[in-house]
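Please look over the structure shown here, and then read the short report that follows.

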Amino acid sequence: MALTREFKDTVVTRVQRDPRFRESLFTEAMNAYLGGDTGTGKAVLRDLVNATVGFEELAAVLKKPSKSLHRMLAPHGNPSTENFFGIVHALQKKTRVRLQVTAKAS
């Protein structure tokens with residue numbers, strides 16, 4: 001289901017003004033990835049990139065073409081481990097969210 005422009009603008013506005021929402025969005029992306037739902041993880045990361053650093057600035061930081069970054073986070077994209085963690089690192093710096101992994105036995 002495609003998101004409407006109004007919804008995307010609402011997400012951008014909220015990410016920029018609400019640090020807890022920004023943190024929750026980032027956490028949700030990582031939890032989706034770790035849970036094996038890479039499609040959702042990439043979609044949420046795309047939203048986070050668009051709402052914070054932007055693909056052009058991210059491309060400059062990572063020294064990669066912005067179109068390549070768009071493809072990596074597209075539904076059928078497959079970023080390498082190095083690129084994925086480069087994106088995560090850049091987002092942590094920009095959003096000032098420090099991720100921490102904790103393990104729980106189920």
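Where is Lys63 found? In this predicted model, Lys63 is found in the loop between α4, which covers 55-62, and α5, which covers 66-72. Most residues other than glycine have a negative phi, and against that background it is worth noting that the phi of Lys63 is near 55 degrees, a positive value in a residue other than glycine.

Is Lys63 buried or exposed? Lys63 is exposed because its relative accessible area is 72%, and the cut-off for the word exposed is over 50%.

With a relative accessible area of 77%, Arg96 is exposed.

## The largest pocket

Rolling a probe the size of a water molecule over the atoms shows where empty space is left. The largest pocket has a volume of about 380 Å³, and of the 15 residues that line this pocket, the closest to its centre are Met30, Leu34, Leu99, Gln100 and Val101.

Which helix gives the most to the lining of the largest pocket? That helix is α2, with six residues, and both α2, which covers 19-34, and α6 supply at least two residues each to this lining. Sorted by class, the lining of the largest pocket consists of eight nonpolar, five polar and two charged residues.

How values were computed
Residues numbered from 1 in each chain as written. Predicted model: local features only at pLDDT ≥ 70, side-chain atom pairs only at ≥ 80, totals over all residues. Heavy atoms only, no water. Helix = DSSP H or I, 4+ residues; strand = E, 2+ residues; numbered from the N terminus. Buried < 20%, exposed > 50% of the residue type's maximum accessible area, 1.4 Å probe, protein only. 1 Å grid on protein atoms, 1.4 Å probe; cavity = no way out; pocket = protein on both sides within 12 Å on 5 of 7 lines; lining within 4 Å. Points joined across faces, edges and corners; volume = space filled by probe spheres on them. Nonpolar A, V, L, I, M, F, W, Y, C, P; charged D, E, K, R; others polar.
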